[in-house]
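The following note sets out several points for a colleague who is reviewing the model. Please read them alongside the sequence and coordinates.

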Amino acid sequence: MVHSVTARRRWVAAIGFLSVSALALSGCAQSQRDSGGGGKEGGTLTFGAAGAPKLFDPFYATDGETFRVARQMYEGLVGFKPGTAEVEPALATKYEPSADGKTWTFTLKEGVKFHDDTDFNAEAVCFNFERWYNQKGAGQSDAVSQYWLDNFGGFKDTPDKPSLYKSCTAKDAKTAVIELNEVTSQFPSVLGFTSFSISSPTALKQYDADNVQAAGDAFTYPAYANEHPTGTGPFKFGKYDKANNTVELVKNDAYHGTKAKLDKIVFKIIPDETARKQALKAGDIDGYDLPNAADWAGLKTDGFNVAIRPAFNVFYLGINQKNNPKLADLKVRQALMYAINREQLVKSQLPEGAKVATQFMPDTVNGYNKDIKAVGYDAAKAKSLLAEAGATDLTLKFYWPSEVTRPYMPSPKDLFGAISGDLQAAGIKLEVVTKPWNGGYLTDVDNGIPDLFLLGWTGDNGTAHNWVGTFFGRTDNRFNTGVSPWGKTLADALAKANSEPNEGERTKQYEEINKKIMDEYLPAIPISHSPPALVFKSDVKGVVPSPLTDEKFGPASKG
Amino acid sequence: MALLEVRDLSVVFQRKGEAPFHAVDGVSFDVEPGQTVGLVGESGCGKSVTSLAIMGLLPKRGAKVTGSVTYDGTDLLKLSDKQMRDKRGSELGMVFQDPLSSLNPVVPIGLQVTEVLERHRGMPRKEAMIEAKDLLDKVGIPDPNRRLKEYPHQLSGGMRQRALIAIALACRPKLLIADEPTTALDVTIQAQILSLMKELVQDLGTALVMITHDLGVVAGLCDEVNVLYGGKVVEKAMRHKLFAEPRHPYTHGLLASIPRLDAPRGEKLTPIKGSVADNIPWTSACAFAPRCPNALDVCRAETPAEVDKLGRLLRCHNPVVPGTPAAEEVPV
Amino acid sequence: MALGVSKKEKIDGLAESAGVSLAASAWKRLRRSPVFLIGATIIGIFVVLSLLSPWLAPQDPSVPMLIDQVVKARNEIPPPQPGHLLGGDLQGRDFFSRLLVGSQQTLIVGVGATIIGLAGGLILGTLAGALGGWVDSVVMRIVDVMLSLPSLLLAFSIAAMFARPSQFTVILAVSIVQIPVFARLLRGSMLAQRHSDHVLAATALGVKKGAIVFRHMLPNSLSPVIVQSTLVLATAIIEAAALSFLGLGNPDDRLPEWGQMLGDVQNVFDTHPHLAAWPAVCIIVVALGFTLMGETLREALDPKNRR
Amino acid sequence: MSETLVSVQDMKVHFPIKRGVFFDRTVGYVYAVDGVDLEIKRGETYGLVGESGCGKSTLGRAMLRLNEPTDGKMVFDGQDFSTLQGEELRKMRRRIQMVFQDPLSSLDPRQSVESILVEGLRAHGLDEGKESTAKRLRELLAAVGLPASALRKYPHEFSGGQRQRIGIARALALNPDLIVADEPVSALDVSVQAQVVNLLEELQEKFGLTYLVIAHDLAVVKHISDRVGVMYLGGLVEEATSEDLYDEPLHPYTRALLSAIPVPDPQVEDRRERILLAGDLPSPANPPSGCRFHTRCPWRQETKCDTERPALRELKPGHKVACHWAEQIRSGEIQPHEVKPVLVEEGDGLSPDVPLVGPASVTEALNP
Amino acid sequence: MLRYTIRRLVQLVGVVLVLSMLLFAWLRLLPGGPVSALLGERATPESREALTKQLGLDQPIFVQYFKFLGRAATGDFGVSTGVQPGDSALEIFLQRFPATIELSFFAILIAIAVGVPLGYLAAKRRGGWFDNLSVIGSLIGVAVPVFFLAYLLKDVASSALGLPSQGRQDAIDATRVTGFFTLDGLITGEFDATLNALEHLILPAIALATIPFAVIFRITRAAVLDVLDEDFVRTAESKGLTAPVIRRRHVLRNAMLPVVTTIGLQTGALLSGAVLTEKVFSFAGVGQALAIGFERRDYPVLLLLIIMATIVYVVVNLLVDLSYALIDPRIRTR
């Protein structure tokens with residue numbers, strides 16, 4: 001099959017050559033893959049993507065498919081060490097905070113050029129920061145500038161919503177100074193997010209990059225985001241062929257670092273998971289993301305390389321204390337923890353490499369407390385705890401989402417099945433509600449309607465704040481921790497830790513918080529960390545699976 | 001020699017798991033060239049099945065036809081399917097009861113006429129069209145050129161029946177079988193059609209088998225009349241003789257039960273009691289016995305034989321004595 | 001036209017003994033039909049199984065008792081073993097028991113959808129057929145709108161519109177689609193009845209309008225509706241499976257239903273085909289049973305087919 | 001005895017023909033009944049005769065308010081029946097009953113004979129008790145010549161003649177004054193027709209009924225009726241006692257009609273002169289101007305016939321005719337001449353027999 | 001006929017308006033929707049509220065609807081939130097429509113090519129073993145869930161026959177002119193592209209064809225049986241016409257009337273089946289978009305595609321009605 005395709009392509013190329021002139025107007029696409037290339041240099045990598053990228057401007061991006069494409073074309077001031085969540089220099093060779101932790105000086109790499117051949121320098125950096133800070137109208141929307149809002153807060157014209165960012169000064173061509181309004185543990189690691197990649201100021205201006213419009217129930221984006229993404233990365237934008245559902249990136253020959261080995265990357269959009277698997281087996285693609293855990297073994301047997309990412313997520317059983325007063329009782333919450341056979345669940349339902357969660361973050365995050373031991377399964381203990389709390393007749397409204405898979409939750413139904421089985425065995429009655437993820441589940445969970453719910457989190461970076469801070473940093477969260485007196489205590493402690501400039505001290509504070517969360521508060525029950533994977537053909541080398549799904553195809557090679 | 005000799009024709013319908021049903025039970029009659037023969041009887045007497053059997057139009061499966069139908073020296077029942085097809089439409093024509101359902105609704109009248117000409121007379125379409133126009137003209141369809149292009153639903157009932165007659169006579173058959181050709185029509189139209197048929201049959205010298213339940217139609221049209229009951233001919237005679245002196249109680253009863261236009265008002269009708277449903281099988285009795293005012297014990301014990309006497313054929317143990325009025329019977 | 005045969009039938013009919021209603025004579029014809037008997041047997045077994053299944057099932061279908069044998073990571077599920085005839089499903093529940101108990105939910109879906117569709121159709125159809133005039137117009141426009149989408153697609157759309165999918169929403173989605181079909185069927189025959197001589201006769205007798213509708217028009221219009229119901233039973237079961245396949249079915253699978261069992265295992269179709277094959281075969285057999293019954297019923301009740 | 005029971009005055013039934021692009025509007029009418037006057041005396045039998053499509057059945061149904069008449073009224077026993085509404089109308093229906101053509105379709109196939117017969121009684125509160133009702137049913141069955149065992153049977157178990165007897169019993173059950181019999185024997189076998197005709201006559205004598213018999217078979221009508229009205233295209237063309245009508249038909253159409261009916265007597269048949277009408281009945285949606293019959297009339301004259309619609313006038317006592325030239329034709333002054341048939345356009349779907357309700361589209365019709 | 005056509009088209013506009021109104025209202029009243037789709041699990045109550053306001057989702061529903069209509073008039077039916085996030089719904093439809101037409105065309109072709117002759121034969125041999133077998137076969141065909149059959153074809157038949165099990169995926173490198181892959185190859189002379197496209201079509205088309213086949217088969221059989229019983233067939237026999245003439249001119253031409261209607265209805269309804277089949281075969285057509293749309297609750301796309309499906313269905317049925325008039329003079333002359 002592969003052979004015939006190859007043979008055919010040459011033949012088509014000949015014919016296509018003749019017909020090109022005649023069909024110039026039809027916008028025809030020529031053979032997009034050239035399988036003639038061999039060795040480590042050159043070649044085309046075709047990657048099966050689950051969805052189409054929404055756009056190519058990373059700043060406005062919110063989803064993984066978009067980031068995957070963008071991160072091949074862009075770089076930020078800092079990056080993450082391949083395969084870890086640790087920050088390392090990228091476009092900035094060096095960065096230092098001031099003593100108060102509010103002023104950061106970035107020393108920039110020299111000789112870097114954007115894809116449009118303009119220079120990368122401190123001015124470009126500040127131009128980017130100012131662009132982000134100066135978003136207007138639809139650009140301020142949560143759905144558009146989500147990462148800025150989450151990490152930097154408000155914008156210049158939103159005085160009621162202060163921003164972390166204060167100013168950016170280009171001291172000289174290779175030195176940019178960024179001032180912040182307060183101290184946060186997140187900085188500068190947030191700058192490693194693909195969202196905060198540096199774009200070419202020229203291109204931004206030329207293609208009207210900030211012109212985002214809310215239209216009906218969605219947003220429309222300017223030419224920059226759709227057709228002219230211009231970064232500094234090892235690949236340049238090729239084209240987005242909507243008819244064939246492919247995105248094509250080409251090698252940036254003027255890259256400042258180690259140049260890409262591949263000539264081209266083609267992201268081929270195959271929404272159906274099974275279809276991706278079959279496309280891989282048929283040789284139509286060289287790899288794809290998020291293979292079904294059940295297929296890992298089979299894929300390995302077939303000679304494919306299943307690259308398991310370090311688990312960088314947490315799956316938890318959410319508890320909402322608001323509606324059922326019994327749930328405000330620690331004993332009841334602990335009973336739930338004892339009742340669930342997490343060991344069993346991890347073994348039977350989760351992919352290879354999954355672990356029982358002892359706390360709300362994986363061990364690769366700063367502030368992870370090694371001393372916390374997972375509570376073992378003990379149904380008898382659960383029952384006795386319930387009895388102690390006078391909650392033998394407990395009926396809970398248990399929500400679980402349909403029509404979704406998440407890296408931490410590969411099959412919500414199966415996970416629910418296992419958990420609900422355990423809870424019922426402990427004598428807890430369940431009133432089960434299922435709603436589509438995007439059809440009411442999230443809304444209901446946010447509105448505090450369920451008593452128990454299944455949810456999780458995939459980390460953005462290695463700071464503890466990105467985890468526990470997100471969950472419990474405020475009291476009106478999904479768990480309604482404000483109902484219990486400790487809710488406020490916890491939120492305050494988290495805020496304090498986040499603004500602690502000293503890293504060692506910060507880590508210690510987080511470790512303590514984690515211990516308290518598990519021993520004294522237990523606002524929800526962490527269940528597992530499960531690793532997502534990528535799969536490649538055996539001849540694809542050089543892609544390092546990242547806990548942040550921050551895989552760069554620059555070093556990759558084929559053949 | 002007669003043009004058509006039907007001898008001991010029987011048709012048995014056999015369905016899986018059910019008792020066989022004798023629709024036609026040993027019917028015999030002759031048709032001389034140019035002669036008009038009537039088959040009269042009520043629904044279920046087997047007259048239509050007889051005509052279909054003669055034409056070879058009964059379903060192959062489920063209907064068993066025995067006896068012989070000799071047409072011009074050949075037994076039609078022994079002919080192959082192909083040979084029979086050659087005869088039908090060319091030498092044997094047939095006109096059916098319901099002119100609307102008997103014409104193909106989606107094929108223009110013209111084609112329905114020409115196809116038979118093409119088939120049997122080997123005419124090319126163009127020539128056949130001209131012939132068809134003449135035929136329509138001949139059967140009294142006004143503006144035939146236009147009608148050729150029209151579809152059956154665009155014609156009135158009378159016109160449709162005329163078209164059917166044109167089709168049946170297109171190849172000048174020697175024998176025409178008309179199965180209740182006027183039952184679906186109004187009386188004034190019926191009169192038109194009957195007079196047309198009479199005329200055409202005379203002109204072409206075609207022999208006609210007229211199947212009807214209407215004794216009035218038979219009285220005006222047929223040379224010889226066969227009265228059928230329960231699948232058997234019960235009485236056969238030339239029409240004047242039959243109507244003047246009906247001898248079979250059934251024929252007699254039928255005539256007495258029909259209101260006549262020329263009868264003085266107030267004259268009571270004499271119905272035949274019961275209905276066809278009261279029939280008993282011919283096997284060991286007279287089928288008419290339960291309804292017969294003349295019935296004797298023998299009628300219920302013995303199948304009456306066919307007796308041919310003085311040009312009248314009669315199947316009855318106790319015929320009506322000429323001149324007696326019909327017996328008054330209490331209903332049911 | 002099989003002339004003499006139809007006449008013979010008429011005569012046969014008259015010879016029948018006293019007091020045989022139309023339904024009784026239809027039943028008589030049905031009883032002789034081997035196809036009907038096959039269908040009826042299938043359905044009989046299905047109904048009995050579904051009613052008794054909670055007692056017949058060797059295991060509790062909702063308890064993941066074999067979960068220790070499930071290893072997602074290696075795509076392993078419990079194999080057949082003593083006490084578990086067909087092994088376990090993806091969550092370690094006894095597959096055989098789930099199949100058995102699944103018959104009950106399947107029956108509920110089929111019967112539920114049919115009843116709701118029938119009830120809606122009966123109301124609309126009776127209104128339109130009995131009252132005529134503008135009521136008829138309004139009802140038929142509603143029906144037109146509903147019929148301007150292919151029915152399965154309409155069912156999908158309706159199912160997608162429920163905020164909280166459940167067994168009930170599945171039943172509703174499948175049944176709403178049937179409402180216009182029933183309504184039009186009923187309206188058609190009611191209209192025919194309206195102009196029939198026996199309704200005229202009742203009117204001439206001075207029988208009240210309501211009595212005419214409910215004593216004459218409705219009962220005489222029901223045959224096609226009954227036939228359709230039987231066929232809808234089959235359709236509902238198949239469509240429920242399609243809904244599950246699209247993720248629009250009942251997400252709660254503690255009480256199994258065949259369509260759901262089939263729709264839910266699409267990702268392991270190639271590795272554990274038996275998980276799909278068993279419910280599929282069950283669905284096919286039962287749907288076939290209903291269809292056979294419906295088709296033979298149609299033949300028995302259709303006056304045209306009495307030959 | 002000669003008191004008038006029913007008086008129909010200028011009765012019209014026009015069925016609208018509706019079509020349109022956006023909304024249905026009426027683009028024409030089928031003039032099924034177009035101005036009919038007639039009177040029926042108590043105790044007599046009035047025969048209404050005509051070919052299919054002449055409007056005789058529509059007239060009968062309009063009189064019973066089974067079709068709403070467009071215009072005109074019917075006075076029944078001194079009461080204006082045409083204006084009654086609701087319950088009053090329903091109550092009044094007891095006195096006017098109908099016997100239908102097709103005995104099978106006019107009986108609800110799902111009801112036993114008993115419930116068919118009881119229904120009318122119940123509707124009018126005559127169902128006074130088990131005993132009396134049972135007695136009444138037995139009487140009815142006896143009157144129409146059916147055994148009491150028929151009660152438990154269903155219509156399809158009877159023969160055609162027996163079914164018609166049931167239909168008659170149903171009508172009789174309410175002790176009506178008038179029975180409208182619409183083609184009561186045309187669906188029956190010849191040998192059975194006479195049974196029903198005789199039964200109708202017997203019942204008339206026994207219960208003093210008044211009949212309106214509608215039929216296309218002039219022989220039957222003549223046999224049973226005291227007076228006969230002949231209809232052509234929605235209007236009465238002639239009315240006379242049945243002897244008169246046969247002895248001296250005055251309208252050309254009646255003459256043609258009479259001459260067309262075959263008589264089961266070869267001697268009569270051989271002698272008869274037939275008046276063959278040319279062409280077919282014109283469409284009632286587009287009736288000819290003037291005298292409706294002029295397109296087919298062998299006595300048609302240059303003047304008047306195609307412009308002026310002749311009124312029904314009494315030519316001799318009790319004998320009315322609607323023809324401009326009746327006297328001249330009678331005296332032989334005008335001789336028949338040949339008529340060229342006029343094309344009749346069918347197929348516009350406007351036949352009055354076809355109810356004007358149907359599926360909105362072909363797909364609807366075929367896709368239950 | 002013209003009057004009838006106009007009338008039906010006007011009705012269609014009405015139906016589409018009513019349907020769009022109902023769909024729009026319902027979709028808006030549902031929880032979740034665009035806001036959830038855009039924000040996901042990172043949503044906070046504030047961000048939800050802000051986005052709701054920003055998108056104008058807090059306005060009265062009829063205001064939203066009229067705005068929607070206004071945008072729709074310019075071809076803007078909103079942007080996909082789940083199928084191809086960020087792409088305009090109309091674009092998604094236009095891009096995928098040819099694929100579904102192609103698939104449906106071949107499916108209905110198969111269904112007709114097999115169903116009609118088989119139906120005729122079964123009717124001719126009524127009651128025989130061939131008839132009984134094919135009737136039972138067609139009943140089973142209807143009883144098998146489409147997607148199950150599709151999986152069987154995909155997983156079992158594809159490897160047995162050596163046919164591709166994925167629809168429209170790896171045929172990317174041919175020249176594209178019309179969007180109809182089979183046609184493109186013929187136009188550009190890349191005949192192997194057509195062959196390749198056909199290979200990819202076969203299995204999905206067979207899966208999609210089963211139900212139309214079963215229905216067409218049975219209607220053909222019933223129609224032929226009915227026609228065989230008609231008086232005019234007996235008339236034709238009485239004319240001594242040859243069997244082929246009777247079959248063609250008298251039996252089939254009349255039997256075609258209901259069959260054509262059925263073919264039309266089935267063609268219109270193919271989209272339902274396509275949702276399932278295209279999902280199984282990852283066939284990038286409208287059906288797949290619908291399937292993903294349902295799964296991911298992509299309301300803008302669903303709204304447009306459902307309306308388009310309605311239009312297609314109604315128009316196909318209208319065409320059938322019109323073609324019916326072509327065949328049947330009784331309707332033509334009305």
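**Helical content and charge pairing**

1. Residues 142-162 of chain C are 81% helix and 0% strand, with the end C-alpha atoms 21 Å apart. Helices here are DSSP runs of H or I of at least four residues, strands are E runs of at least two, and both are numbered from the N terminus. The model is predicted: local features need pLDDT of at least 70 and side-chain atom pairs count only at pLDDT 80 or more, whereas totals for chains, interfaces and linings use all residues. Residues are numbered from 1 along each chain as its sequence is written, chains are lettered from A and ligands numbered from 1 in the order in which they are written, and side-chain values use heavy atoms, with hydrogens and water left out.

2. The span 142-162 is one of those that UniProt lists for chain C as "transmembrane region" in an unreviewed entry; another is 107-135. Over residues 107-135 of chain C the content is 97% helix and 0% strand, and 35 Å separates the end C-alpha atoms. UniProt positions follow the numbering used here, feature names are shortened, and annotations may be inferred rather than shown by experiment.

3. The unreviewed UniProt entry also places "domain: ABC transmembrane type-1" on residues 103-294 of chain C. That span is 82% helix and 0% strand, and its end C-alpha atoms lie 20 Å apart.

4. Chain C as a whole has eleven helices and zero strands. Its C-alpha trace spans about 75 × 45 × 35 Å along the principal axes. Of its 307 residues, 63% count as buried; buried means under 20% relative accessible area, exposed over 50%, and partly exposed in between (1.4 Å probe, protein chains only).

5. Over all chains, the search finds 90 salt bridges, each defined as a side-chain nitrogen of Lys or Arg within 4 Å of a carboxyl oxygen of Asp or Glu. In chain A, one such pair is Arg68(A) with Glu65(A), with closest N and O atoms 3.4 Å apart. The two residues are three apart in helix H2 (residues 64-73) of chain A, which means a separation of about one helical turn. Both Arg68(A) and Glu65(A) are buried. They belong to a network of salt bridges that also links Asp289(A), Arg309(A) and Glu551(A).

6. In chain D, Arg292(D) and Asp34(D) form a salt bridge at 3.2 Å, N to O. This pair links distant parts of the chain, 258 residues apart: Arg292(D) lies in the loop between helix H10 (266-271) and strand S11 (313-316), and Asp34(D) in strand S2. Arg292(D) is buried at 12% relative accessibility, and Asp34(D) is buried at 10%.

7. Glu87(D) and Lys91(D) also form a salt bridge, with closest N and O atoms 3.8 Å apart. They are four residues apart in helix H2 (residues 86-93) of chain D, so about one helical turn separates them. Glu87(D) is partly exposed at 40% relative accessibility, and Lys91(D) is partly exposed at 47%.

8. Asp10(D), Asp37(D), Glu39(D) and Asp71(D) gather in a surface patch of negative charge. Patches comprise residues with over 30% relative accessible area and no salt bridge, like charges being joined within 9 Å and nonpolar side chains (Val, Leu, Ile, Met, Phe, Trp, Tyr) within 5 Å. Glu39(D) is found in strand S2 (residues 25-41) of chain D and is partly exposed, with a relative accessible area of 37%.

How values were computed
Accessible areas come from the Shrake-Rupley method with a 1.4 Å probe; for residues, only the protein chains shown count as cover. Lys and Arg count as positive and Asp and Glu as negative; His and the chain ends are not counted. The place of a charge is taken as NZ of Lys, CZ of Arg, CG of Asp or CD of Glu.
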